[in-house]
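Visitor: I would like to go through this model by question and answer. Please show it first.

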Amino acid sequence: MDGFRAPDETRAQERGWAVVAAAYAEREPLPQRRRRLAPVVAATGAAALAAVAVTQPGRAVITSVRKAIGIEHARKALYALPSGGRILAGGWLVHGDGSTRRLGDYRETSWSPFGRYVVAAKANELVALTPGGEIRWTLARPDVGFPRWGGTQADTRIAYLSGDRLHVVAGDGTGDHEAGPSPAARVAPAWRPGGAPFTLAYADMRGRVWVFDTQTGRLRFRTSGGSRPTRLAWSRNGSTLLVVRPDEIDTYDISGRHAAHGRGRFVDAAFVGVRLAVLRPHELTLGTRMLFRTTGTLRQVVVSPDGRWLLVTWPQADEWLFIGTGGRPRVTAVANIA
Amino acid sequence: MDLAARLGRMSPIGTSAPDERGLVRAAQRGSVDAMERLYRLHWPRAYRAAYLVTRDASAAEDIAQEAFLAAVRALDRFDRRRPFGPWLHRIVVNRAIDWTRARTLRGEVAADELPSVQANGDRLDDLVDRLAVLPPDQRAVVVLRHLLEYTPGEIAELLGLPRGTVNSRLRRGLDALRDDGRVQST
């Protein structure tokens, strides 16, 4: 192919350089030493904090707990994120410096794979927008929920629920179609990272978890049924699927082999590297380490993409807890989230 | 002559891996010259690969541009220990495959209506034209193997496919090119 030239190659190259040079000129160059902003974390459950009030006995419990773990006073308000980066909380975007921006009247939001866009759900509408709140496109659908954006740098897809039907649409809003062989349960689907880019896990009404290629329809595997899962999550390298149910926690490899099983009461869980952070109603563990324990009820755990922090929501206390994953225990509590 | 040999080999890349890392580092720190050198180093093969898969010059130009724009956007996060070319080619080829599949579904243009590439003497133009009749998946692996000179293992990693799938697509593609070559065109 040494002699092969594509049509108009030289001029195409010059036209291309004009476009690339302009884009390059707009970027901010990487300084010599800079603490990278951690990419973003979505905390979709935080919007529910607004409805919670804290009673006096509750406050007493919280104070004693804080003292027990070394937090004397929670910060009164969110003025900086210990983890850096940005957090989506319902229709709000929280920046690393603590500033907030209201994106709109959305009940759920999540990030595009590389943090450039946000996908949001209204009651009857799916919306793609920039972190600045500028709407890129909308799709009218009934009862939209659990939008999740996956794919590669060059091509992306959004999976979401419309009622009990799983849908997949391209990142530019085209090609929306129903997907999945069975009516979906109301739990967020999860795109598999790495490897084949459009492999999706979702749960059906019978508690079965389906893993399939959304491009070809090819089924990778399906789990047996059970109680409705509350969380589906892939390990960062896409090799392991986590399925959290109220009374069970399971992991599967990509061929569907059942790798691990646990019984108990579970609220949420997430991969931190190769370890599992498991949230029970009153405690958070990472592998075999106890990271945090309370008499209050914890709601959700989210991992910072660099794996150094866990964000745990505590609606009763109207707090977010940032818990370090390495070294000695570090817990930073931020109050007045609502 | 073996068909794969007739498709030939690309000349070696003029820049060694450490030089490329230096270019990436300089581009990350704001050097327009370094960014332009990276661009000019990789543009030709990216564009040619996109063209050979899509057989559409406009689409190939868009795809190659989008790949470089993706590179600019991801520059700060790019790991300099990884080679730049394969990362770029993955974007190019996957986009080209997607474009070609979508176009096939839309039924815009039949493969035999596509214009042939510039003739370069001998039968290179025939070979390149015959690539057009391969399905996009086979075309892509033939281009990656014989234009961009990736090994089957590297192709498997680029496209996220099992190694066996890459080998079978390569085999079927080359067999189809050989068979087609035995038919006299009218």
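Visitor: Among the contacts in chain A with a separation of 6 or more, what share comes from residues 24 or more positions apart?
Guide: This is a predicted model. A contact here means heavy atoms within 4.5 Å. Among such contacts in chain A with a separation of 6 or more, residues 24 or more positions apart account for 37%.

Visitor: How many helices and how many strands does chain A have?
Guide: Chain A has 338 residues, of which 52% count as buried. It exposes about 15200 Å², with carbon and sulfur atoms supplying 51% of that area. The count for chain A is two helices and 28 strands.

Visitor: Which residue of β10(A) is the bridge partner of W149(A)?
Guide: β9(A) pairs with β10 (residues 156-162) of chain A in the antiparallel sense, over six bridges. In β10(A), the partner of W149(A) is I158(A).

Visitor: What is the average twist from one strand to the next in the sheet β17-β18-β19-β20 of chain A?
Guide: These four strands form an open sheet with antiparallel pairing, in the order β17-β18-β19-β20 (chain A). Its edge strands, β17 (231-234) and β20 (258-263) of chain A, each pair on one side only. From one strand to the next, the twist averages 15 degrees.

Visitor: Which residue in β20(A) is the bridge partner of T251(A)?
Guide: Strand β19 (residues 248-253) of chain A pairs with β20(A) over five bridges, in the antiparallel sense. The partner of T251(A) in β20(A) is A260(A).

Visitor: Within what arc do the buried residues of α8(B) fall, seen down its axis?
Guide: In helix α8 (residues 152-159) of chain B, the buried residues are P152(B), I155(B), A156(B), L158(B) and L159(B). Seen down the axis of α8(B), they line one face of the helix because they fall within an arc of 165 degrees.

Visitor: Which residue just after α8(B) takes a positive phi?
Guide: The phi is about 70 degrees. The residue just after α8(B) that takes this value is G160(B).

Terms used: Residues numbered from 1 in each chain as written. Chains lettered and ligands numbered in written order. Predicted model: local features only at pLDDT ≥ 70, side-chain atom pairs only at ≥ 80, totals over all residues. Heavy atoms only, no water. Buried < 20%, exposed > 50% of the residue type's maximum accessible area, 1.4 Å probe, protein only. Areas by Shrake-Rupley, 256 points an atom, 1.4 Å probe, with all protein chains shown as cover. Arc of directions from axis to C-beta. Pairing = 2+ DSSP bridges. Axes fitted to C-alpha atoms, helices over the stretch in contact; angles between N-to-C directions.
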